[in-house]
Every structure is written in structure tokens, then in C-alpha cells.
Amino acid sequence: MEKNKFTLNIPSRSCNEAFARVTVAAFATQLDPTLEEISDIKTSVSEAVTNCSVHAYPNSIGMIYITCEILPDNVLKIKIRDRGCGIENVEQAMQPLFTTGGEERAGLGFAVMESMMDNIKVLSRLGKGTTVTMKKRISVKENAKQK
């Protein structure tokens, strides 16, 4: 059986962040997530897309590439990629409160994603871009198990 999957390519405009989050959330509904799981997914997508808009393309508009797929065991995999400036030190960037975005940024994006998703992986190359891959296993409800 072929997995269900979609891709979405959007410009890194802040107005597209809401579109990305509701698109991924709508796709996730086929797994019958709880409201809390949907909220976690939407928030994590928002953080990742905002990072692309603010940090990957700080002085320009670039493309954000989103891929979502359903994996076995009710796992939602979300990959958000840019071709922006890249992250010099991923480990440092993932530390809470670290930001290169100035005083108006809290530096909590990766920490929020890590707290809401089951797994997060960040790969980045300077001048080539960054890929954030997140996974979340959606709980299977008792009545769904009996079907």
C-alpha cells in the first residue's frame, strides 16, 4: 500500500505561515488526532516556517518546501526545508534563548518544536539551506482499535 503524502512550496512571506500550519493540520486529521496533538503540530509547523522566513531569508523572499507523509504506526512526518543562508552551528541554534534574530526574537523555536513533537532532526549547510524533519506519533483511540 502506498503511503499518503503531499508537498507544498510557498514563498517565505509571513502571511503564508498560517496557510502552512492549517494545511499540515488538515492533512493530519486523517490520523484522527486529539485537539492537543493538532495544536502541537500547528505550533511546530508555525515555528519552523517562521524560522525560514526570519532567519533563512532575512533580507529576501525565498521558497519554503514542506513535505508531509503518513508513516506506519500512525506517525506523521513533516519536513520543512529552505535554500537560505543555513545555520552556522545547529547545536547552538537549538539551545533555548539563542537567537540571531535580534531583541524581538525569543530564541525558543527549536525548543518549542522539541517539546511538542516526538522527534526533531535539523540538518543545515551554510549557503545551502536548512531542513527540519519532525515526527509525531498520533495516539490511537480505544474505539478506533475495535474497528
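The model is predicted: local features need pLDDT of at least 70, side-chain atom pairs count only at pLDDT 80 or more, and totals for chains, interfaces and linings use all residues. Residues are numbered from 1 along each chain as its sequence is written, and side-chain values use heavy atoms, with hydrogens and water left out.

- Strands here are DSSP runs of E with at least two residues, numbered from the N terminus.
- S2 spans residues 63-71, and seven of its nine residues are buried, meaning under 20% relative accessible area with a 1.4 Å probe and protein chains only.
- Two strands count as paired if DSSP finds at least two bridges between them.
- Strand S1 (residues 5-11) runs antiparallel to S2 and is joined to S2 by seven bridges.
- S2 also pairs with strand S3 (residues 75-82) in the antiparallel sense, over eight bridges.
- Ile64 is the bridge partner of Ile10 and stands opposite Asp82 in S3.

**The S2-S3 hairpin**
- Three residues lie between the strands of this hairpin, and Asp73 takes a positive phi near 65° there.

**Leu126**
- Leu126 sits in the loop between strand S4 (119-125) and strand S5 (129-137).
- Leu126 counts as exposed because its relative accessibility is 56%, the cut-off for exposed being over 50%.
- Leaving aside residues up to four places away in sequence, Leu126 touches Cys85, Gly86, Ile87 and Glu88; contact means heavy atoms within 4.5 Å.
- Glu88 is 38 residues from Leu126 in sequence, and their C-alpha atoms are 6.2 Å apart.

How values were computed: Helices (H or I, at least four residues) and strands (E, at least two) are DSSP runs, numbered from the N terminus.
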